[in-house]
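Here is a short report on two places in a structure. Look at the display first, then read on.

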Protein chains: 2
Amino acid sequence: MKKYVFGVDIGGTTVKLGFFDREGNVLEKWEIPTRTENGGENILPDIAESIREKMAEKKVDREAVAGIGVGAPGAIDAEGVVHGAVNLGWGTFSIPETLSALLDMPVKAGNDANVAALGEMWKGGGQGCRNLVAVTLGTGVGGGIIVNGAMLTGAVGAGGEIGHIHVEDDETEACACKNTGCLEQYASATGIARLARRELQASDQASTLREIPLERISAKAVFDAVKAGDELAVRVAGRFGEYLGKALGVIAGIVNPEVIVVGGGVSKAGEILFDYIRPYFDKTVFSGCSGARLTLAKLGNDAGIYGAAKLMLE
Amino acid sequence: MKKYVFGVDIGGTTVKLGFFDREGNVLEKWEIPTRTENGGENILPDIAESIREKMAEKKVDREAVAGIGVGAPGAIDAEGVVHGAVNLGWGTFSIPETLSALLDMPVKAGNDANVAALGEMWKGGGQGCRNLVAVTLGTGVGGGIIVNGAMLTGAVGAGGEIGHIHVEDDETEACACKNTGCLEQYASATGIARLARRELQASDQASTLREIPLERISAKAVFDAVKAGDELAVRVAGRFGEYLGKALGVIAGIVNPEVIVVGGGVSKAGEILFDYIRPYFDKTVFSGCSGARLTLAKLGNDAGIYGAAKLMLE
């Protein structure tokens, strides 16, 4: 009987690992550094070694482990083949084949944002759902989509990359992806700070945000000011909410999810985010898809290891 | 050995039926009227009767038939339960259960637009693909999405309803869905005619479209004029292309399809459509998803019966 499963979430600086039972209880979690030098050639061997040690420490037999699920940044297709992951130094190869050869156990792999979405569906903000959109508002805007219980991977593993959908024709600055007017330019932590700087520069209106040097304005500072009733900050939140609310309306119209889970650093502002997102979502979403619930993510940085474990158990 | 399969496409006035071999060769196709009176209670019995007659005529034994696939308008969930189909008079019930009971054969059912997308993937413009977006530009704008070989049904069967994604904030007229600024208001046959009427009313510019009474302007007339080099018509095509190209860019960014298949009455204008769509698609789509091919649908009104047969064989 396969009682256990490992979930692995590979990031640019650390690898998070979780040792789970089949029911999704995390029995232990830990981290190891991500060694990206030499094309990231040590990353999977380091993971294999760490899992081997953990199994020895816990006296867990290989026969008791269903396998290892892996989430990693970059385009990863439905077979777990990574097609380049710049942050890790990786080119193109099969994660399941490589890691299976090192550990002699089944391995499944997917894009980290898609895997995190699976985690939120299993044990987070979308429990019990089969159709879910997860949005991560961090330095960028990440996304993961679950359709009928499975990750929407797409043709080359770029499914759910909602941070780069076009939402503004009049933008002049380029996004990190080189297009202009991407959702990420307005709804990420960086994007919110940029919207705030623009508002501050466009008028002399009094605002507590003026006490902060312009280049140090953060999304957190904006939402702290919103909570204190600062008018200029409220206007920034309104613009953020309009871009994100309308984009989520479009996404919901295409995917028809039961729930939209919002996570990432910006989501620490809490339920107040939805006061700005929901009016635009409600106004623009197709009536047939308007039943989608908007909710905060629950698993924080652990969504990846939960989702990776779930991916392996699918 | 199950050598055969039936594909059924239920429309508001006629039901199309196809008798296929497993390889997707259509051995015969025919139509019967759709009797929508009395809540559409005769529709499935009529289909059962017609299939029974065809099997007798062809001397096909029930054991040789894999089953019956059905596409129908309305919200139909992953189990084939229809949650209201106004055109047919239907409320909520299970199509597979009801039709299976009448014919004693396996039945699967899905939304007609999603099923048509499956048909285009199997034998039409998206052959060999596993990730596809089908757009139907008719009186309205319909859509069907295939993810990893399966229909994107969504939580309540409204997946792929791309006609009602919000694309214009400044619209004042309401869409049939009661929202304003839906893609359908600009990219359907009706929408293109509306754009043309607006352009004609906004200026005195000479145009061959002025020879047609305003209320009789059609999408076909617009694209005929485009082909003849009419400047005003070209501007209308440009607006159509901008709305649709950017919307397809957004959809591709979310779904990461291999191919986008464009069908419906408007697509009879031919490849010239893409001259107006592609520039906006290319300019706005996320680079990771830009590999999506734009192509014309191939199966016309038969996409539904092909897709229904394929659904049953899945």
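This is a predicted model. In chain B, the axes of helix 4 (residues 112–123) and helix 10 (residues 303–313) come within 7 Å and cross at roughly 85°. An angle of 65 to 115 degrees counts as roughly perpendicular, so helix 4 of chain B and helix 10 of chain B are roughly perpendicular to each other.

Which residues meet at this crossing of helix 4 and helix 10 of chain B? Helix 4 of chain B brings B:V115, B:A116, B:L118, B:G119, B:E120, B:W122 and B:K123. Helix 10 of chain B answers with B:A303, B:G304, B:Y306, B:G307, B:A308, B:A309, B:K310, B:L311 and B:L313. By class, this contact has 10 nonpolar, 3 polar and 3 charged residues.

Now turn to chain A. Strand 1 (residues 4–10) of chain A has two pairing partners in the table below.

| Partner of strand 1, chain A | Sense | Bridges | One bridge pair |
|---|---|---|---|
| Strand 2 (residues 14–21), chain A | antiparallel | 7 bridges | A:I10 with A:V15 |
| Strand 4 (residues 65–72), chain A | parallel | 5 bridges | A:V8 with A:V70 |

Strands 1 and 2 of chain A form a hairpin, with 3 residues between them.

Is strand 1 of chain A buried or exposed? Of its 7 residues, 7 are buried, so strand 1 of chain A is largely enclosed by the rest of the structure. In a regular strand, side chains alternate between the two faces of the sheet. Both faces of strand 1 of chain A are covered. A:Y4, A:F6, A:V8 and A:I10 are buried on one side. A:V5, A:G7 and A:D9 are buried on the other.

How values were computed:
Residues are numbered from 1 along each chain as its sequence is written. Chains are lettered from A and ligands numbered from 1 in the order in which they are written. This is a predicted model: local features need pLDDT of at least 70, side-chain atom pairs count only at pLDDT 80 or more; totals for chains, interfaces and linings use all residues. Side-chain values use heavy atoms; hydrogens and water are left out. Buried means under 20% relative accessible area, exposed over 50%, partly exposed in between (1.4 Å probe, protein chains only). Helices (H or I, at least four residues) and strands (E, at least two) are DSSP runs, numbered from the N terminus. Two strands pair if DSSP finds at least two bridges between them. Axes are lines fitted to C-alpha atoms, for helices over the stretch in contact, and angles run from 0 to 180 degrees between N-to-C directions. Angles under 35 degrees count as roughly parallel, over 145 as roughly antiparallel, 65 to 115 as roughly perpendicular and the rest as oblique. Contact means heavy atoms within 4.5 Å. Ala, Val, Leu, Ile, Met, Phe, Trp, Tyr, Cys and Pro count as nonpolar, Asp, Glu, Lys and Arg as charged, and the others, Gly among them, as polar.
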